[in-house]
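The following exercises are to be worked with the sequence and the structure at hand. Each task is followed by a solution in steps.

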Amino acid sequence: MAHKFKKKKGGEIPAVNTASLPDIVFMLLFFFMVVTVLRDSNLLVQQRLPKGDQVEKLKKDRSVFIYAGKPSPRYQDKYGTEGKIQIGDKYTDISNLSFALTEARAKLRPELQSKIMVALKVDEETNTGLVTDIKQELRELNMLKLIYITSPGTPIEN
Amino acid sequence: MADIAFLLLIFFLVTTTIEKDKGIARQLPPIEDVEDPPIIKQKNLFIVNVNRHDQLLVEENLMNIKDLRQAAIEFIDNGGAPAGSPEHCSFCQGNRLPGSSDNPNKAVISVQNDRLTSYKMYIAVQNELVAAYNFLRDRESQRKFGWKFTEMKRSIDDGNFNGSAAQQERIEGQLQEIQDMIPLKLSEAEPKKSGS
C-alpha cells in the first residue's frame, strides 16, 4: 500500500479548472454589450452643444445627423478655425450638402424615408449664418423636420 | 458562478443608461411662391431681433434673455380682441391690451438673427419662446383636462402611456385640441447680412 501515499515526482501543476470559463465570458460579453455606445462617425468638429430644457427625444431610426462647428484642435492647422460642416465621416461643403443628404436619406429604411428628420449638432460658438445656410438647403430638399440637439440644462446662466 | 453572473448582468442592465440625444424640434416652412402673403396685423406680431453681439431687441426695446419668456407669455396670452368679435379669446388671462395680440391663434412671433449671432444665443432664444408656448399649453390642458400638456405628450412619445388604446386615442385628440388653441407660430426672417 505504500505506493498510494507516494508523493508525485516533479511537482506537476494540476490543470486549471475551466468549468466556470463560459460564465465569465458571458458576463463580460453582456457587460460590454450593455455599456458600449455605438458611434458610427468620428467627429472632426468641436462639439460643445448649447443648453436647452424644452426638449423632445430624437427618433434615431429616421434621423440623419449633420455636425457643424470649428474643426477639432488636431485638424485646426490643416483646416483653420472657420466653422465647418460634417456629414458621415468627412467635411462637407455647403454646395455638396444636398448630395450628401440625399445619399444619407437613401440609407434609411424605405418606409421611413418620407419621415426623415435632420438632427443638427452644432457647436455653441458657431455663427447662426452657417446654420441658416444649412436650413435653406434643407428647405430646397424638402426635408422640413429638424431637431436642434442640445445638452441638458437651462440656457440662461445665472 | 452562473448565479453571480446573472446577478451582475441584471445589475448592469438596470443601472446603465444609454445616452439619448434630445433637442428642440422644429418644422421648416416649405419653399413655395405665395401669391399674396396673408397680412398680419402689426399688433399680432411680436418681433424679436438678435444682433451680432448677442443682444436682444424685443418690440423695439432692449431686453435681457431672462425676461423674454415672460414677455412672450404676456404677448400670446393677451387676448386683445373685444368680447363678441369672432377672434375673442375666452380663456386668455392676459391684460387684454388693445395694442397687443388678439388671440393666441393669431399671434405670430418673428425672430430675426444676424448672421454673426452665436448659435448659443440662437438656441437660448428658441428655447425661451418654446418654453412660453409650453407654459400656456400646460396651463390650458391643466384647466380643461386636469393634466399637463408637456408631460402627457412626453409619456405618449416615449410609449410609457398606461391606459388602453382607446384612452390613448382620446388623449391624442385632446393634445391636438390644445395645439390648435395655442398653435406654435414662430417665424424666422431671412437673416440680415452682418453689419446691420
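A residue is buried if 20 or more other C-beta atoms lie within 10 Å of its own, exposed if 12 or fewer, and partly exposed in between, with C-beta atoms placed from the backbone. Helices (H or I, at least four residues) and strands (E, at least two) are DSSP runs, numbered from the N terminus. The model is predicted: local features need pLDDT of at least 70 and side-chain atom pairs pLDDT 80 or more, while totals for chains, interfaces and linings use all residues. Residues are numbered from 1 along each chain as its sequence is written, and chains are lettered from A in the order in which they are written.

**Exercise 1.** Determine which residues of α2(B) are buried, and where they lie around the axis.

Solution.
- Step 1. The buried residues in α2(B) are B:L68, B:A72, B:F75 and B:I76.
- Step 2. Because they cover an arc of only 85° around the axis (taken from the directions from the helix axis to the C-beta atoms), they lie on the same side of α2(B).
- Step 3. An α-helix has 3.6 residues a turn, so residues three or four places apart point the same way.
- Step 4. On the face turned away from the buried side, α2(B) carries the exposed residues B:K66 and B:Q70.

**Exercise 2.** Identify what the buried residues of α2(B) pack against.

Solution.
- Step 1. Their partners in chain B are β2 (45–50), β3 (56–58), β4 (61–63), β5 (108–113) and α3 (119–144); contact requires C-beta atoms, placed from the backbone, within 7 Å.
- Step 2. Five strands of chain B form an open sheet of mixed pairing, in the order β4-β3-β2-β5-β6; two strands pair if DSSP finds at least two bridges between them.
- Step 3. The edge strands are β4 and β6 (186–188) of chain B, each pairing on one side only.
- Step 4. Within this sheet, β2(B) and β3(B) pair in the antiparallel sense over three bridges, and B:V50 has B:L56 as its bridge partner in β3(B).

**Exercise 3.** Describe how β1(B) pairs with strands of chain A.

Solution.
- Step 1. Strand β2 (residues 56–57) of chain A pairs with β1 (residues 22–27) of chain B in the antiparallel sense over two bridges.
- Step 2. Strand β7 (residues 145–152) of chain A also pairs with β1(B) in the antiparallel sense, over six bridges.
- Step 3. In β1(B), B:K22 is the bridge partner of A:K57 and of A:T150.

Definitions and conventions: Contact = placed C-beta atoms within 7 Å.
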